[in-house]
Amino acid sequence: MKIIIGESPYEIKGGYKPLTMNINELSSYSTVFGGMDAQEIVVAFIPVYTVLKNPNNLDTFRRVMSILFGKRKAKSQIGEFHGKLKSNDISDYERLSKDLAIMLADKNVVLLNAFNDEKCQQKNELINNCFQYVSEGNGAHQLLLLGSKAIEAWDEWNRNNNDGNRNYTVLSYPHPSRTSGYNKMWNQVDYKKIKTRNYSSLKDIQQFKLN
């Protein structure tokens with residue numbers, strides 16, 4: 001199982017919104033969160049478009065797809081998704097996003113947010129179940145935390161549950177949003193390069209130290 005934890009759902013603006021699905025529609029989620037029949041969950045990183053837009057321009061979506069498929073195949077997958085958006089009515093856009101989520105779930109991928117709100121104040125009640133599932137997997141599951149809030153959620157769970165015998169690896173990386181400021185790191189993963197700024201050196205900045 002490959003589990004990627006983000007921070008918070010998409011806002012309902014900019015021509016897209018979060019994708020909400022019944023847990024029973026997603027095979028990998030049913031495996032991780034067994035016993036939660038018919039519960040509605042938010043699938044992280046996959047948007048539902050409310051107007052026709054090019055999904056190639058949504059950094060968080062594109063970068064997570066680049067992690068999962070590699071640069072070349074991710075570009076092809078997103079191009080295919082864009083083609084379906086263009087050839088279908090807006091009323092079909094949610095179904096197309098669900099189809100993508102189901103395809104990833106069938107490949108044993110779980111995409112989950114650590115929080116239910118934009119300000120990361122309401123913790124997702126499923127996140128601890130997810131961490132527990134990874135901890136009991138004897139190294140069979142891969143966990144990737146994207147962004148400081150997801151990492152903090154893991155750190156809190158680990159402090160409360162660590163038995164000192166961890167035999168699995170937890171990976172972390174900056175949040176995939178362009179505004180996170182980590183475009184230089186994401187350009188190593190992402191098939192679409194974002195222009196990065198050149199900052200002053202530490203030596204130059206230290207000139208501002210008061211005598």
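Predicted model: local features only at pLDDT ≥ 70, side-chain atom pairs only at ≥ 80, totals over all residues.
Glu11 has a relative accessible area of 32%, so it is partly exposed. Its side chain meets that of Lys13 in a salt bridge, 3.4 Å from N to O.

## Other salt bridges

The structure has nine salt bridges. One of them brings together the side chains of Asp190 and Arg63, at 3.2 Å from N to O. That pair ties up distant parts of the chain, 127 residues apart: Arg63 belongs to helix H2 (residues 59-69), while Asp190 is in the loop between helix H7 (183-186) and helix H8 (202-205). Asp190 is buried, because its relative accessible area is 0%, and Arg63 also counts as buried at 0%.

Over in helix H4 (residues 93-106), Arg95 and Asp99 are four residues apart, so about one helical turn separates them. They form a salt bridge too, with the closest N and O atoms 3.3 Å apart. Arg95 is partly exposed at 40%, and Asp99 is partly exposed at 37%. As for networks, salt bridges with shared partners join Asp59, Arg62, Arg63, Arg178 and Asp190 into one.

## Strand E5 and its neighbours

Four of the five residues in E5 are buried. E5 pairs with strand E1 (residues 2-6) in the parallel sense over four bridges, with Ile3 opposite Leu143. E5 also runs parallel to strand E6 (residues 170-173), joined by four bridges; there, Leu144 stands opposite Leu171.

His141 sits in the loop between helix H5 (127-135) and strand E5 (142-146). Its relative accessibility is 13%, so His141 counts as buried.

Methods: Residues numbered from 1 in each chain as written. Heavy atoms only, no water. Helix = DSSP H or I, 4+ residues; strand = E, 2+ residues; numbered from the N terminus. Buried < 20%, exposed > 50% of the residue type's maximum accessible area, 1.4 Å probe, protein only. Pairing = 2+ DSSP bridges. Salt bridge = Lys/Arg side-chain N within 4 Å of Asp/Glu carboxyl O.
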